[in-house]
Amino acid sequence: MKKVLVTGENGYIGNKFKEWVQSGNKEIELNYVSVRGEEWRKTDFSAYDTVLHLAGIAHVSRNPKLKELYYKINRDLTIKLAEKAKKENVKQFIFMSSIIVYGLDNKIGDYSSINNNTIPAPVDFYGDSKLQADLQIQSMNSKEFKTAVIRTPIVYGPECKGNFKKIINLAKITPIFIDLDNKRSMIYIDNLNCLIEQIISSKSSGVFYPQNTEYVSTKQIIEVAAKYSGRKIYFISSFNFLIKLASKKISIINKIFGNKIYEKDISKSNQYQVCDFETSIKKSMINN
């Protein structure tokens, strides 16, 4: 039985990983610690095999007033937790990093992919704060103290928030959508939970690039969500040239129709995919 201390209990991944472990036959015991304030410093880490650090600021902000807070939480707190874990002889530290360390989404039509040799190039303080913590945690890896960095792409599932929820809701009301294909690395929450469990159980270290076996397009999500809503949506391509033109000036369009993918061979997704794309969308529509 692995004893795991988790930060970020109330976040989406923290909640769903708890449900995953409680679903049965998992050789993992979870305990939680709040990292708000300084009380966490009093917690005895030596009782644990692994620290799973999920707490952090997870959304992009362009407000310069928040820059210091991003570095304080995403970088400095992460490093302090890892240093305490190492000092108190915890055997493994897992940090939830992000695909955001590779910068902006590729534009429409640009399908270049991220591989082991791609150099991270964050474009904002959210990405940079994640990357600085990510690299520092990697540098702390040793025979006695294993570190694992998980560079998650978009995570989705039941009760998730953000742009995925907006797309699901759009599919429930719109009669038409743009017939434009794109490719994204995304991961369904239970596939990610399975990977986290494997990393803990095998005390693995290194950088992980999780994703579903299949790349995902916005159009596919709309199609499947409409199917399970009992609706028919018509896809039109008449405005594609205008959308491609506008995407050069309006960044939000690339968030919807742009591309950002990991090469499949660095993800080994067949080892932890427990739910295929269509089923994952169907399950994700619960409470969304």
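1. First, a term: a charge sits over a ring if NZ of Lys or CZ of Arg is within 6 Å of the ring centre and within 35 degrees of the ring normal. Lys264 does this with Tyr215, lying over the ring's face at 4.6 Å from its centre. Lys18 likewise lies over the face of Tyr32, at 5.0 Å from the ring centre.

2. Before you go further: this is a predicted model, where local features need pLDDT of at least 70, side-chain atom pairs count only at pLDDT 80 or more, and totals for chains, interfaces and linings use all residues. Residues are numbered from 1 along each chain as its sequence is written, and side-chain values use heavy atoms, with hydrogens and water left out.

3. On to the salt bridges (a side-chain nitrogen of Lys or Arg within 4 Å of a carboxyl oxygen of Asp or Glu). A search of the whole structure turns up 12 of them. One of these joins Glu88 and Lys84, at 2.6 Å from N to O. Both Glu88 and Lys84 are buried, where buried means under 20% relative accessible area, exposed over 50%, and partly exposed in between (1.4 Å probe, protein chains only).

4. Have a look at Asp105 and Arg184, whose side chains meet in a salt bridge at 2.8 Å, N to O. Asp105 is in the loop between β4 (92–98) and β5 (113–114) and Arg184 in the loop between β8 (176–178) and β9 (186–188), so the pair ties together parts 79 residues apart in sequence. Helices (H or I, at least four residues) and strands (E, at least two) are DSSP runs, numbered from the N terminus. Asp105 is partly exposed at 21% relative accessible area, while Arg184 counts as buried at 7%.

5. Asp179 and Lys219 make another salt bridge, with their closest N and O atoms 2.5 Å apart. Asp179 sits in the loop between β8 and β9 and Lys219 in helix α6 (residues 218–228), so this pair links parts 40 residues apart in sequence.

6. Now the rings: there are 8 aromatic pairs. Rings of Phe, Tyr and Trp (its six-membered ring) pair if their centres lie within 6.5 Å; planes under 30 degrees apart count as stacked, over 60 as edge-to-face and the rest as tilted. Tyr70 and Tyr126 are edge-to-face, 6.0 Å centre to centre with 75° between the planes. Tyr70 is in helix α2 (residues 67–87) and Tyr126 in helix α3 (residues 125–139), so the pair ties together parts 56 residues apart in sequence. Ring pairs also link Tyr70, Phe125 and Tyr126 into a cluster.
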